[in-house]
Amino acid sequence: MKKNIELRPNVETLFGTRDENLHLLENGLNVVVELKPNSIQIEGSPEDVARVEQVFTDFDYLRAHGQQVFNGELTSMLRVLVADPAVTLRQLAEAGKQRSVGNKRQVQPKSVNQRQYLEAIEQSDMVFGIGPAGTGKTYLAVAMAISALLSKKVARIILARPAVEAGERLGFLPGTLQEKVDPYLRPLYDALYDLLEPEKVDRFLEKNVIEIAPIAFMRGRTLNDSFVILDEAQNTTSEQMKMFVTRLGFNSKAVITGDITQIDLPNPSKSGLIEAMNVLQGVEGIRFQMFNDTDVVRHHLVQRIIRAYEDFRSRDDRQLTLQLEGEARAAAGLTTITEKPKESTAVQQ
């Protein structure tokens with residue numbers, strides 16, 4: 001099926017740099033897009049052509065209603081759109097507008113899992129975001145917390161992290177208690193300053209509207225009217241995790257993020273996050289969102305690094321399984337290979 005769409009003024013913004021967005025639609029929706037002097041021709045199945053036509057219609061609608069969609073955000077939305085037939089460009093743009101973070105930016109998912117994560121945070125009181133580094137777990141959670149604070153859905157934000165070294169021994173740190181724990185909490189500060197003006201962040205921190213603290217500071221508290229985030233949750237103990245998830249008060253949300261492949265505890269099997277994944281599955285009001293290497297939004301090399309580590313770990317696990325099976329068979333008096341008796345090569349006299 002072929003369909004011609006009339007080219008309207010400023011529609012070239014939709015095409016992207018070097019027509020990258022058109023190529024994205026072609027590859028993702030199995031269509032051929034050809035530019036004509038006054039129109040654009042789309043060729044493909046009726047369903048795919050209709051979806052591309054809807055993209056152009058939605059783009060015109062958003063522009064007519066004064067909603068600016070910049071190229072980076074537009075490309076991200078189109079990636080989600082081609083991966084999920086259930087969404088449209090207009091739905092994604094309007095959802096991002098509702099999640100606006102101050103005057104700086106809107107919160108836009110860059111993958112289907114990120115979209116499901118944001119929807120889970122909006123719809124559930126407690127959400128676990130679990131996956132590798134660079135998938136936006138913490139950044140999106142902080143962005144949703146700021147959006148909730150600025151829209152007065154909550155009165156404060158509380159960001160917590162376990163104070164566990166990533167293999168290093170930092171030793172004695174001088175300064176006040178806050179100065180001692182700040183190095184552990186720096187990634188949370190980075191997200192705040194990236195999403196809000198520095199003066200506003202400093203003012204919120206000074207007035208304790210935004211509080212950043214180690215998880216140990218949460219004991220004994222009841223957190224009402226709060227958006228609470230626990231970052232690096234894979235480094236909590238079982239006791240710490242149970243303590244944290246039972247702090248939730250009225251009109252509050254909690255988001256717990258972590259990467260179970262980067263546990264820095266002395267005994268990784270005792271991670272509170274792993275236990276919570278087993279204990280809390282199926283509990284009403286709690287959602288789990290898993291991420292993988294395809295959700296990585298850092299440098300494209302990070303995706304390949306994560307995939308290489310996963311391949312290496314799976315090979316290592318297979319070798320360990322074979323070794324254990326061999327040891328078990330040997331302990332049982334069995335041989336792993338049945339050897340045939342060798343034939344004599346001696347010449348009979």
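Trainee: In this predicted model, what makes the six strands an open sheet, and in which order do they come?
Mentor: The order is E6-E5-E7-E8-E4-E9, with parallel pairing. Strands E6 (210-214) and E9 (286-290) are the edges, since each pairs on one side only.

Trainee: Which strands does helix H7 touch?
Mentor: Helix H7 (residues 137-150) packs on the sheet and touches E4, strand E5 (156-161), E6, E7 and E8. Its direction makes about 170° with that of E7.

Trainee: And what does helix H6 lie across?
Mentor: Helix H6 (residues 112-123) lies across strand E4 (126-130), E7, E8 and E9, running at about 165° to E9.

Trainee: Why is Ala 276 called buried?
Mentor: The cut-off for buried is under 20% relative accessible area. Ala 276 has 4% relative accessibility, so it counts as buried. You'll find Ala 276 in helix H11 (residues 272-279).

Trainee: What does Ala 276 touch, leaving out residues up to four places away in sequence?
Mentor: Its contacts are Phe 128, Met 241, Gln 281 and Phe 288. Take Met 241: it is 35 residues from Ala 276 in sequence, yet their C-alpha atoms are 7.5 Å apart in space.

Note on methods. Residues numbered from 1 in each chain as written. Predicted model: local features only at pLDDT ≥ 70, side-chain atom pairs only at ≥ 80, totals over all residues. Heavy atoms only, no water. Pairing = 2+ DSSP bridges. Helix = DSSP H or I, 4+ residues; strand = E, 2+ residues; numbered from the N terminus. Contact = heavy atoms within 4.5 Å. Axes fitted to C-alpha atoms, helices over the stretch in contact; angles between N-to-C directions. Buried < 20%, exposed > 50% of the residue type's maximum accessible area, 1.4 Å probe, protein only.
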